[in-house]
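Biologist: Could you walk me through this model, one question at a time? I would like the cut-offs spelled out as we go.

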Amino acid sequence: MSQRDLVAELRAAHVEAPPEVRERVRLVAAGAPAPPRRFTWRRSLVVLVPVAAAIAATIVFTRPAEHQQTALEFGRPPVTLAPNVGAATDRAAKAFAVPSPKNRVQTYDATLSLRVERAHDVSDGVKRALRITTSLGGYSQSVHAETHGSSAVADLKLRIPRSRIQKAMAELAQIGTITDENVSTVDQTALLNNTDREIARLQKQVAALRTQPRSDENDRRIAALVTRIERLQRGEATTRRNAHYATVSLHLETPPVIVAQHKHGPLHGVGVALTWLGIGVVYALAIGAPGAVLLVLLWLGIRVVRRRRENALLQI
Amino acid sequence: MTFQQAAEAHLDDVYGYLAWFTSDRFAAEDLTAVTFERALRLWHRFDPDRGSVRTWLCQVARTVALDHFRSERRRTRREELAAPPEAIDFRFAEGLSPDLEMALARLTAGEREVVALRVLLDLDAGAAARILGISATNCTTRLNRALKKLEEALHVAA
């Protein structure tokens, strides 16, 4: 008999369960409860995975961007940035519009801090400030400028005629955006009046001494008084000269680099989440991989032993 | 499909598989009942996406049969000391020649099992391999060996 005939004969065989077995199985099956609704783990995953993804996406995308706000706070200048140069100029002119009566002598000190966009603008600003100063009849007392990569800073001390200070400040304010301004005036009129009175008093003493008969003692006193009068007159002249020029401290700088560093895109949160997820996966692999390998080896060993026992059992 | 429908449809398959596997009619009758009792308890675990009802019932039947073989082995070891086991006259199926019946009886339980699954129940190699817990290739190899053994036994008888 060929193998094909053998299989055909085996397939033609019919095995039927005896009636008593059929009856027993029917009794068993009759006790089966009504089929409940089946919620398998696969079906549950079909619902749970999209829901979990939606919740995660909502958390990531609706979380307030704290970093961005902090960065803006850092980058915000002390005085509101005014991109409109005309408005800034007007404000500067108003700030420096300190009344200066012509019959009074006052010393004038101003501080002006400006922000420019690039390091190159700082260099240009220094040149422009010096040009404005000389065009108005003033001069620069000191200039200091530094550049570090994309950031730069410059400090200038300018002496400008008091009568033209308002125009000077208005033009200097156009170099950049005002971040700080300060004006200080000190009235020197009373001091000069006292000096004048002192000089007059000393001159009267000199005149009185000159009416007296000449002597060595008298000549010495007259010389001392004249020296004192000359010293007072020089001091008075210095004060009037200083009051003729206003001192302007000009500070130019570029914005802090920190603003650029803290600007994050809309997907920054996703990037951070994925980074931490990657770190977690690496740690999990480093810690869990040896354990997983051991478990797999154990499972394979158990399987081999079971298979051998089963084969031995079926060799009957 | 309800459990009652599954039991009604595949009772003969399960009985035939167990009868050929054990080559013992009385044991097969008992094991068939035990198989359906166990299947009823496990019915909530059955997933139609992972295989047919017949395959799943045969897997349950195999577990029951293996438990039976283990307990039988322990029992016969004890009893062989007292008296040798009696030869049981068993017919595998209606319509088989006496020579083929004898050749089948000479196969091991493992060989009869694969013949029952692949030939009697006409399962494909994948389904039979899933029940046996081996690869499809291994299953086909086992079947070929069993059939060759049957063929040789029939030649000897002829």
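Modeller: Happy to, and let us begin with contacts in chain A, where a contact means heavy atoms within 4.5 Å. Among those between residues at least 6 apart in sequence, the share joining residues at least 24 apart is 82%.

Biologist: Before we go on, what kind of model is this, and how are things counted?

Modeller: Residues are numbered from 1 along each chain as its sequence is written, while chains are lettered from A and ligands numbered from 1 in the order in which they are written. Side-chain values use heavy atoms, with hydrogens and water left out, local features need pLDDT of at least 70, side-chain atom pairs count only at pLDDT 80 or more, totals for chains, interfaces and linings use all residues, and the model is predicted.

Biologist: Among contacts in chain B between residues at least 6 apart in sequence, what share joins residues at least 24 apart?

Modeller: Chain B has 7 helices and 0 strands, and its pattern along the sequence reads α-α-α-α-α-α-α. Helices (H or I, at least four residues) and strands (E, at least two) are DSSP runs numbered from the N terminus. For the contacts you ask about, the share in chain B is 65%.

Biologist: How many helices and strands does chain A have?

Modeller: Chain A has 316 residues, of which 28% count as buried. Buried means under 20% relative accessible area, exposed over 50%, and partly exposed in between, with a 1.4 Å probe and protein chains only. The secondary structure of chain A comes to 11 helices and 5 strands.

Biologist: What part of the accessible surface of chain B belongs to carbon and sulfur atoms?

Modeller: Areas come from the Shrake-Rupley method with a 1.4 Å probe, and for residues only the protein chains shown count as cover. Of the 158 residues of chain B, 51% count as buried. Its accessible surface is about 7,900 Å², and the part belonging to carbon and sulfur atoms is 50%.

Biologist: Is A:Asn218 buried or exposed?

Modeller: A:Asn218 sits in helix 9 (residues 216–244) of chain A. Leaving aside residues up to four places away in sequence, A:Asn218 touches A:Leu209, A:Gln212 and A:Pro213. Its relative accessible area is 5%, so A:Asn218 counts as buried.

Biologist: Which helix supplies the largest share of the positive patch?

Modeller: Patches are made of residues with over 30% relative accessible area and no salt bridge, joining like charges within 9 Å and nonpolar side chains (Val, Leu, Ile, Met, Phe, Trp, Tyr) within 5 Å; a salt bridge is a side-chain nitrogen of Lys or Arg within 4 Å of a carboxyl oxygen of Asp or Glu. A:Arg309, B:Arg73, B:Arg74, B:Arg77 and B:Arg78 gather in this surface patch. B:Arg77 is exposed because its relative accessibility is 53%. The largest share, 4 residues, comes from helix 3 (residues 53–82) of chain B.

Biologist: What accessible area does the nonpolar patch have?

Modeller: One of its residues, A:Trp299, lies in helix 11 (residues 268–313) of chain A. Together with A:Val293, A:Leu294, A:Val296, A:Leu297 and A:Leu300, A:Trp299 forms a surface patch of about 600 Å².

Biologist: What is the phi of B:Asp122?

Modeller: B:Asp122 is in the loop between helix 5 (109–120) and helix 6 (125–132) of chain B. With a relative accessible area of 48%, B:Asp122 is partly exposed. Although B:Asp122 is not a glycine, its phi is positive, at about 60°.

Methods: Lys, Arg positive; Asp, Glu negative; His and termini not counted. Charge placed at Lys NZ, Arg CZ, Asp CG, Glu CD.
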